[in-house]
Amino acid sequence: GMEAEEFWKYTDEIATTEIMDSILAYMYAMVEKTQQNGIPLTRESLVACGRDIEYYPGVENWFERINRYAEEAGVEVEHYVLSSGLKEIIEGTSVAKYFKKIYACEFMYKDGHAIWPKLAVNYTNKTQFVYRINKGVLDINNNVDLNNSRPDHEKRVFFSNMIYIGDGLTDVPCMKLVKQSGGHSIAIFHPGKHSSAAQLLKHERVDWIFEADYSEGSELDRTMKSLLQNLAYYNQLKGLNEQQKRNFK
C-alpha cells in the first residue's frame, strides 16, 4: 500500500529516531505496515515477488556460462549470495537454483505470517559468511566450528580462490576483506552511476569496477574468465615439482 520512496523514507525515519540498524528497520516496517493495512506478509507472498525480478543484461545465462567455462578450464565453481535483501524473494528468482547457499535477511513465521527477523545480514556482519564459506561451515547455527582455529591449508575454500562481486555499501567490508586476503573483488554499478564504485577503486577496496552487464563478451564476463584461467594455471603449477615447473614455464 506504499510507494517505494515513501516506504524507504519511513524506514530511514525509524532508524534515525530509534537509533536502529537500517536493515532491521526495514524488516520491522514491513511487518508493521502489512499488519496495519491487513495485508498478509507470508513466505509465499515474498517468494512470489522474486518471480518478477528484472535482471541486468546477461544475468540469467551467466551461471551456466561461467560454470561451463570453468569446467573446461579445470576449475570447480560455487556460487553464493550474501545479501541485505530478503532470502524469500531471492528464493523465488529463476537463478536461485544455481546458488550453493543463500545468506540473506529472513523472517520467522507464526501461523504462516512473518512476525520477527530471523536473520539480518548487514555490513561487517556480512563478513561472517565469507568466513563460513572459507571454513566450509555453512550452517548459521554452527558458531563453534566457525570460531575454532584451524590451519589455512585445511580450510575448504581459500580466500585466494574467492571472487566477490558487490553492488552496494553493505558489500564494502566483504570486498575489502576478500581483496586483502588474496582474493579478487569487483564493484558493479548501475549504468551511468559509477561515482561510488570509483571511490572504492580509488581507496583500493576493490580490484575492478564494471557497469552491471553480465552478457557474454562484456568487461565483467571477460575479466571473470581471465581470473578462472589464472586460477586453473596456478592450481596446475601447484601440482608440479620444481623441475616440472621450469619445464612448464
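Helices (H or I, at least four residues) and strands (E, at least two) are runs assigned by DSSP, numbered from the N terminus.

## Overview

This is a predicted model, in which local features need pLDDT of at least 70, side-chain atom pairs count only at pLDDT 80 or more, and totals for chains, interfaces and linings use all residues. Residues are numbered from 1 along each chain as its sequence is written, and side-chain values use heavy atoms, with hydrogens and water left out.

The protein has 11 helices and six strands. Its C-alpha trace spans about 70 × 45 × 35 Å along the principal axes. Of the 249 residues, 40% are buried. Buried means under 20% relative accessible area, exposed means over 50%, and partly exposed lies in between (1.4 Å probe, protein chains only). Contact means heavy atoms within 4.5 Å. Take the contacts with a separation of 6 or more: residues 24 or more positions apart account for 49% of them.

## Thr-223 in helix H10

Thr-223 is found in helix H10, which covers residues 219–238. Thr-223 counts as buried because its relative accessibility is 14%. A polar atom of its side chain lies 2.8 Å from the backbone oxygen of Glu-219.

Leaving out residues up to four places away in sequence, Thr-223 touches Trp-208 and Phe-210.

## The three-stranded sheet

Strands S4, S5 and S6 form an open sheet, in that order, with parallel pairing. The edges are S4 (163–166) and S6 (208–211), each pairing on one side only. From one strand to the next, the twist averages 25°. Two strands pair if DSSP finds at least two bridges between them. S4 and S5 (residues 184–189) are joined by four bridges. Ile-163 stands opposite His-184 in S5.

Helix H8 (residues 172–180) packs on this sheet and touches S4 and S5. The direction of H8 makes about 150° with that of S5. For such angles, axes are lines fitted to C-alpha atoms, for helices over the stretch in contact, and the values run from 0 to 180 degrees between N-to-C directions.

## Strands S1 and S2

S1 is largely enclosed by the rest of the structure, because seven of its eight residues are buried. S1 and S2 pair in the parallel sense over six bridges. His-79 stands opposite Phe-99 in S2.

Lys-101 has its place in S2 (residues 99–110). Lys-101 is partly exposed, at 30% relative accessible area. Leaving aside neighbours within four places in sequence, Lys-101 is in contact with His-79, Tyr-80, Val-81 and Leu-138.

## Nonpolar cores

A nonpolar core is a set of buried Ala, Val, Leu, Ile, Met, Phe, Trp, Tyr and Cys residues joined through side-chain atoms within 4.5 Å. The largest one has 40 residues. Tyr-26, Met-30, Leu-82, Leu-86, Phe-107 and Val-130 touch the most other members. Helix H2 (residues 22–37) gives the largest share, seven residues.

What does Val-130 touch, not counting residues up to four places away in sequence? The list is Leu-82, Phe-159, Met-162, Tyr-164, Cys-174, Leu-177 and Val-178. A second, separate core holds 24 residues, including Val-59 and Val-75.

## Helix H3

In helix H3 (residues 43–50), the buried residues are Leu-46, Val-47 and Gly-50. They lie on the same side of H3, because they cover an arc of only 100° around the axis. The arc is that of the directions from the helix axis to the C-beta atoms. The cover over these buried residues includes H2, S1 (79–86), helix H5 (87–91) and S2.

## Two loop residues with positive phi

Most residues other than glycine have a negative phi. Tyr-123 has a positive phi, near 40°. Tyr-123 is in the loop between strand S3 (113–119) and helix H6 (127–135). Tyr-123 is partly exposed, at 34% relative accessibility.

Glu-204 also has a positive phi, near 60°. Glu-204 sits in the loop between helix H9 (195–202) and S6. Glu-204 is exposed, with a relative accessible area of 59%.

Methods:
Polar contact = N/O pair within 3.5 Å; in protein donor to acceptor, adjacent residues only side chain to side chain.
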